[in-house]
Amino acid sequence: MSRIIDKLPQPKTKAPVKVIVATASRTGTLSVYEAMKVLGYKTFHMKQCVHESGVPHMEVLAEAIQARYSPLSGIKRYSRPDFDKWLAEYDCIVEIPYFLGPGLLNAYADDPNIKFILTDRDPDKWVTSMNSTAGEIVTKMKQFPLNVLHYFNRDLHKFVMLHKVIYEAIADGTVPGDRNNEAAMRRNYVSYIEMAKSVLPADRLLFFHLEDGLGWEQICAFLHLPTPDQPFPTPHVQENFRSNVRDWLKPRIQNAMMTLAAVVVPVVGSLVYFGIKNRSVLAGV
């Protein structure tokens with residue numbers, strides 16, 4: 001089966017990966033993403049994927065997840081050359097490894113030039129945070145009007161499909177509110193952290209708990225870099241997440257509504273016209 005990654009053009013240049021932040025979503029990843037940019041890294045994160053890189057990267061990420069977690073998809077799993085091609089312009093990868101399980105971590109673990117950062121948090125708090133953010137997106141995309149509108153805007157459609165495959169992977173196909181949802185998410189989260197700690201080399205791994213604090217002191221010491229003369233990026237709480245998502249969705253929803261209207265209005269007008277015409281014809285019979 002031909003894959004989306006195979007159709008991407010070969011990168012003209014490649015930035016060797018230097019740091020991989022294997023931390024799961026909702027565990028300080030956006031703060032670390034912004035911190036790594038301050039430190040001079042070209043960093044790829046879910047925000048970069050959706051907000052800036054757009055449809056091609058959303059398609060590739062969704063395909064990589066399906067290849068990993070959906071055996072019936074028939075998609076060949078991604079390997080190191082695939083990841084190198086996809087992420088060629090970035091030297092720091094944040095959060096994305098979490099969506100791909102051991103696939104990406106195994107691909108890079110043996111590279112002596114790469115350092116790894118892994119943060120965890122209380123599993124129950126993590127489940128609550130995920131279902132209050134990504135879980136809300138999954139719930140809303142099943143409801144009107146988003147369940148209809150996403151078919152009328154390409155960005156919106158790819159966004160919905162990406163979050164669908166992500167959530168299915170981390171929640172074993174359950175959705176928020178299902179009886180087994182929270183247990184499945186907790187189990188998969190704990191399993192991921194244990195897998196990452198076992199796969200990643202201890203001498204090149206910075207591991208710490210989010211509850212113990214997150215700041216320049218841990219990261220800069222580990223990377224042997226000077227501490228920036230500015231505050232560490234503020235953690236993004238749930239309301240900030242919702243605000244960022246709303247800001248991204250708003251123009252695409254508006255575009256989808258206009259596209260839908262452009263399709264529906266002529267159809268309704270035609271139906272009304274032919275309805276009146278048919279009544280006129282029948283009246284003369």
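This is a predicted model: local features need pLDDT of at least 70, side-chain atom pairs count only at pLDDT 80 or more; totals for chains, interfaces and linings use all residues.
Residues are numbered from 1 along each chain as its sequence is written, and side-chain values use heavy atoms, with hydrogens and water left out.

**Aromatic pairs**
- The count comes to 10 aromatic pairs (rings of Phe, Tyr and Trp, its six-membered ring, with centres within 6.5 Å; planes under 30 degrees apart are stacked, over 60 edge-to-face, the rest tilted).
- Phe44 and Tyr90 make a tilted pair, 4.9 Å centre to centre with 50° between the planes.
- Tyr98 and Trp126 pair edge-to-face, at 6.1 Å centre to centre and 85° between the planes.
- One aromatic cluster is formed by Tyr98, Phe99, Trp126, Tyr189 and Tyr192.

**Buried rings**
- Phe44 counts as buried (under 20% relative accessible area; exposed is over 50%, partly exposed in between, with a 1.4 Å probe and protein chains only) at 0% relative accessibility.
- Tyr90 is buried too, at 1%.
- Tyr98 is buried with a relative accessible area of 5%, and Trp126 is buried with 0%.

**Charges over rings**
- Lys115 has its charged end over the ring of Phe222, 5.0 Å from the ring's centre (the rule: NZ of Lys or CZ of Arg within 6 Å of the ring centre and within 35 degrees of the ring normal).
- Arg252 places its charged end over the ring of Trp248, 4.0 Å from its centre.
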